[in-house]
Amino acid sequence: MEWAPSSAAPSLASLREQALRLPSSAHNSDLPPLNLGFDQIESQSRRIAAKRAGENGGPNGSAYYLLASGGIDAQVYSAAVNELDVTSTFEPLLPLADTDVEGHLQAEHQQTILSTMSEGRQATAASFYKNLDIQMRHSWEQQKQSLFEELGRHQSGASTSAHTLDTPRRSGAGGFDRDSPIGAVPSVSSQLQMQSRKLRYDIVIRRLNEARKAKSAFDLVKELGEASGGAGNDLKSRQMDEAWRLLARLTRSSTTEGPARQRQYAQQYLVADPDSDDAGRLRASICEGAKEHLQEEFMTHVENTIKAQPLEAHLGGDPSFENKIRAYIDVKYKKHGAWATTRLEMINSTPVWARMYYLLRIGQPKKALQFAQENERQIQKLENTFVTYFKKWIDSPDHRLDRLTRNQFLIEYNRRIKGNSEADPYKHAIYKLIGRVDIERRNVPEVTKTTEDWLWFQLSLTRETPGDGEAARDQYGMRDLGRVLIELGDNRLKPVLQFRVLLLGGQFERAIDFLFRQSQLQTDAVHFAIALSYFGLLRVPSQPSAVNLLIEEGPSKVPCLNFSRLLHRYTREFVQVDPQEALQYLYLICLNSDLPAPLGKKQTQECLEYIRDVVLETRKYRELLGDVLSDGTKVPGMIQRDLSLIDLDNESTFTRDLISAAARTARQEKRFEDAILLFDLAEQKNAVFEVLNIELGNSLSRPSTTSNVGGGDRQYFQEGTANVSISTGPADIVRTARRLYDLYRVDEVDPRSRKTCQILLNLKEVMILYEQQHLDQALKMIEALDIIPLNSVLVDIIKAAEDFKELDEAIIRNFDGILLTTMDIIYKLHSALRESPFGDASRQERMVDLRSKARSLMMFAGMLRFRLTSETYAKLTRLDVHVA
C-alpha cells in the first residue's frame, strides 16, 4: 500500500488555531503555558536543525549508495538544495497581531477615548442629578417655609393653660396671677381691644423709625408699654403692663441720663465671648434688674395685703418699711391676736428671722442689718456670730463672704442649721443666702412657696464670677438658672406668667418664642422682640430653620430667634391692606445689620428680600418705589425716603439692591409687565427692551384686544399713553412698547434690541390686520419688514435665509406662526381672486404674482426646514398646492 501525500496539508496558522482550541485540561497546570509567535517558532526550529546536523557530522554513505542504485544522483540534489534561499519563506504577508505596535497603540488610543467619553457621560449625568436634587431640595425648602408661614397666619388659639398650677398669691393685683382666662375664645370686645392695641403699636413703630432716621434717642420700652396699657383695665392688660415694666427694669431703658441707646448691649450680648468679663457683667446687670423688679412687685403686694386687712395689720401712722413688714407678718401669721405657727423663733414676741428675710425680700438689706444690730444682744443668744457674718455679707459689693469667714460660717451652718427640721425656715433661708450653702438645693419650700419668691431666691444665689476658694460645685450663675428653667418646661404656668419667668431668667429668645406660640399674644410677642432687638438683647441664627423660629446653635445650645421671619409672619396679616405700615416693621430687621460678617450682611439681605416681596405682592410701585413721569421726572417713593433705615447708602445702591433685584425676580416669575415697570424705574433701558421684546413676542400668538386698527386708524400703534405715568401699569403691551420706544433716545438702547422691538410692533400690527381681514395691508407690511422674501429673487431668498439666524429669539420663536400667517394671507387673497366672476388681465396678473410670492415663501421655508416644525412645513405645502 502506497502512502499518498494529503491534498490539503495543514498550514501553520490552522495548526495554531487547533492548538488554541485544545481543552485547558490538556495542559499541565504545574508548568507555565508557552505562547510563541511564528517568528519565534521558526528561529527555534532552525537552531534545532543546525544542532542535529552538527551531531551527525555529515551525510550518511549508505544513503548515497541506496539512492544511486535507484538512479538518483544524491550529490547533485544536495548541491541544489544548498543553493536554495529560504530566509523569507516563512515571513508573513501581513504584520502579525503580536508585533503590530502601531495597531496596538491605535487600539489603546481609541479605547482611552471611549473610556473618557463614558466617564464624561457618567460624570455629567451624576452632576445633573446632583444639581437637580439640590434645586429640588432648595425649592422644597422655600415652599415649605412659605407653607408654614401661611399656616402660621391661620393657626388656632392654642394655649398651654391646660396644665397650670394654682397659687395662694394675689389675684387682680397686677402680679403673677394664674387665674387669667387667656386660653379662652376671644370675645368681640377683646378683639376690638387687640385691634386698638395694634394701631397704637403701629404709631410707636413709625415714631421709632423717625427717631432712627434722625439719630435721636427714643424711649421705646416706655412708649410700647403705654401703647399696650391703653387697651383697657382687664387682667391681661395689667399683666402686660407688668411685663413691660419688667423689661424696662432689665434694660435700664429709662434712667436719669435719658433713654438707653439703640443696640446698647449688642457688643456684650451678641458679640463678646459668653465667658468674657463683659458678658458676665451684663448677665449680672440683668440679674440685678430682675431682682429689683421682683422686690418692687413684692412691696406692692405687701401694701395691698395691708390695705385689704387694716385691722389685723395695725399699721398706724408709721409708713416705714420696717413697720410695713411687721404689719405684713402679723397679717400672715397671726390669727385673732395670736401666732398661728410655732416654727418661728421669737425675740420679745417678734419673729426676727422673718423680719430680716422680708426686709431683704423687698430690697432693703441696710434696713435688715439695722434691725439685726438693734437686736444684736438677743440674736446672739440664738446665734452668737450671726450679726458679724450678716454685716460682712451686706457690706460686700457682690454679697460674698471672704474665704476664711465663709469656712467658719459653713462650720456653724453644718452644726446648727443643716438637717435641723425644727429650725426656723426664714433663718434657714437667710443662712443659705449669706453662705450660698448646699447650692445644689437652692430652695426652702416653707419660704419660697410662690413662683416669684422661688425665682427671687434663685436670683439672689447667682454669681457670675467664682468666689475666693469657691468649689466648682458651688458656682451658679444666670446660665445655670436658664438651664433649670428649661428643665422645668413651659407647660406648668399660664402663658403670661411663663413669659415673665423666662424674661426674669434672661432667656429672652425662649420667652419670645413661647409668647408667639400663644395665638392671642402674638402681637405682644412681636413688639417685645422689637424692644429686645433694639437694645441688642436678641440673638439671630446663622442658619435659620424653615419651620421653627427658635434654633439652638453650637455644643452649648445657645438659643437664637429668627427675628426677620417673626416680623415677616406678623406683617403678612396686613401687608395687602397697609403695605407702608408693613414696611415700617420690616425695616427693623436691619437693627441686626451691625453684627459681625457675614451675619450682619445676611440680615440686611433678608430685609431687602422681604421688602421686594412686599413690592411685588402689593404692586404699589408709585407709593413704595416712586414714579417716573412721562417727561422723565422722578418722584421718590416711601422706601427711597427711608434708605438709611435699611443700610442703603445712596440711590444707586437702592436701585441695584432693591429695584433691579425686584425686576429680575419679576422676570423670572414671568411677570413681564411688572418687570418692565421695575426695570424702567431702575433706568436699565436695555433690560426694559429685552423684556418688552419677550412680551411682544408672546403677544403675537394672543388675540388682539383692539378693534379699530384697520380702516386707516393707526393711532393705536403710533401713539403711546404719554399722559399716564409708568407705575400706573400699561394699558396693554403694544401701547407701552410704543411709548417707551418713542421716549428713549436712540443712543440709550442697544440698536439690535430697538430694531427687534420695531419689527415685533409691526408684526403685531400685521396680526391684528390679519384678524380683521385687512389682508392686502397685512401683506404689504410683511413685505416691508424684509424678513420674509416674496420677490422670487433667488439671491434675496438665500440672503434672507442667512440673515434668519441674526434675528432675535422673540422673533424666531414665533416664526412658524409668521410664515403660516403669511401663506394663509396669500392663499385667501388668491382664492378670492380665483372665485371672482371678473376675468380681466389685472386679476390674472395679480394671481400670478401671488403664486410667485407663495413659491418664494416655499423656497425660503425649504432653506429653513430644519428650523421649522414638520407640522408647519406640511401646512405650508398644503396651502401652496391650493395656490398653485
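Because the model is predicted, local features need pLDDT of at least 70 and side-chain atom pairs count only at pLDDT 80 or more, while totals for chains, interfaces and linings use all residues, and side-chain values use heavy atoms, with hydrogens and water left out.

**Stop 1: helices α13 and α18**

Select residues 352–361, which form helix α13, together with residues 425–435, which form helix α18; their axes come within 8 Å and cross at roughly 50°. Helices here are DSSP runs of H or I with at least four residues, strands are runs of E with at least two, and both are numbered from the N terminus. Axes are lines fitted to C-alpha atoms, for helices over the stretch in contact, and angles run from 0 to 180 degrees between N-to-C directions. The two helices are therefore oblique to each other, given that angles under 35 degrees count as roughly parallel, over 145 as roughly antiparallel, 65 to 115 as roughly perpendicular and the rest as oblique. By class, the contact of α13 with α18 has 11 nonpolar, no polar and one charged residues, where Ala, Val, Leu, Ile, Met, Phe, Trp, Tyr, Cys and Pro count as nonpolar, Asp, Glu, Lys and Arg as charged, and the others, Gly among them, as polar.

**Stop 2: from α13 to α19**

Tyr357, Leu360 and Arg361 of α13 meet Glu452, Asp453, Trp456 and Phe457 of α19, a contact with four nonpolar, no polar and three charged residues.

In the loop between α18 and α19, select Arg436, whose phi is near 50°, a positive value in a residue other than glycine.

**Stop 3: helices α23 and α24**

Next select residues 522–535 (α23) and 563–571 (α24), which pack at an angle of about 145° with their axes 10 Å apart. On the α23 side the contact includes Val526, His527 and Ile530, and on the α24 side it includes Phe563, Leu566 and Tyr570. This contact has seven nonpolar, three polar and no charged residues.

**Stop 4: a proline in a loop**

Move to Pro598, in the loop between α25 (579–586) and α26 (599–618), where a cis peptide bond with omega of about 0° joins Ala597 and Pro598.

**Stop 5: α20 and its neighbours**

Finally, select α20 (478–488), one of the elements that give two or more residues to the lining of the second largest pocket.

Technical notes
Residues are numbered from 1 along each chain as its sequence is written. Contact means heavy atoms within 4.5 Å.
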